[in-house]
Amino acid sequence: MAKHLLSILTFMVVSFAAQGLSHFAINAEHFASVSFMRVDPIIPLGLLVMVLQGGLLSLALQAWRGKSAKIVDGLI
């Protein structure tokens, strides 16, 4: 269980860093110009989605590699 929680937390950190940089810094003007998007992001929904994605990826890696799964496999 600790492996799954660590995997989810790591996925959230990496995902938030990459997507946050893209949405709030690099492509901020583009996202501001899209008329049907909200001005303020819904942070709790974004965090929930990251938890679900990280959990699914962690379970998929375990189902695919079994007990032989290592941290390097998750990074790849």
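**Close-up views of a pocket and a helix pair**

**View 1. The second largest pocket of the predicted model.** The volume of the second largest pocket is about 650 Å³. Its lining comprises 23 residues, of which His 23, Phe 24, Met 37, Pro 41 and Ile 42 are the closest to the centre. A pocket is an open set of points on a 1 Å grid where a 1.4 Å probe fits, with protein on both sides within 12 Å along at least five of seven lines; lining residues have an atom within 4 Å of a point. The model is predicted, and local features need pLDDT of at least 70. Residues are numbered from 1 along each chain.

**View 2. Make-up of the pocket lining.** Helices H1 (2-26), H2 (28-33) and H3 (43-65) each give two or more residues to the lining of the second largest pocket. H3 supplies the largest share, seven residues. Helices are DSSP runs (H or I, at least four residues). By class, the lining has 15 nonpolar, six polar (Gly among them by class) and two charged (Asp, Glu, Lys or Arg) residues.

**View 3. Crossing of H1 and H3.** The two axes, lines fitted to C-alpha atoms over the stretch in contact, come within 8 Å and cross at roughly 130°.

Terms used:
This is a predicted model: local features need pLDDT of at least 70, side-chain atom pairs count only at pLDDT 80 or more; totals for chains, interfaces and linings use all residues. Side-chain values use heavy atoms; hydrogens and water are left out. Grid points are joined across faces, edges and corners, and a volume is the space filled by probe spheres set on the points. Axes are lines fitted to C-alpha atoms, for helices over the stretch in contact, and angles run from 0 to 180 degrees between N-to-C directions.
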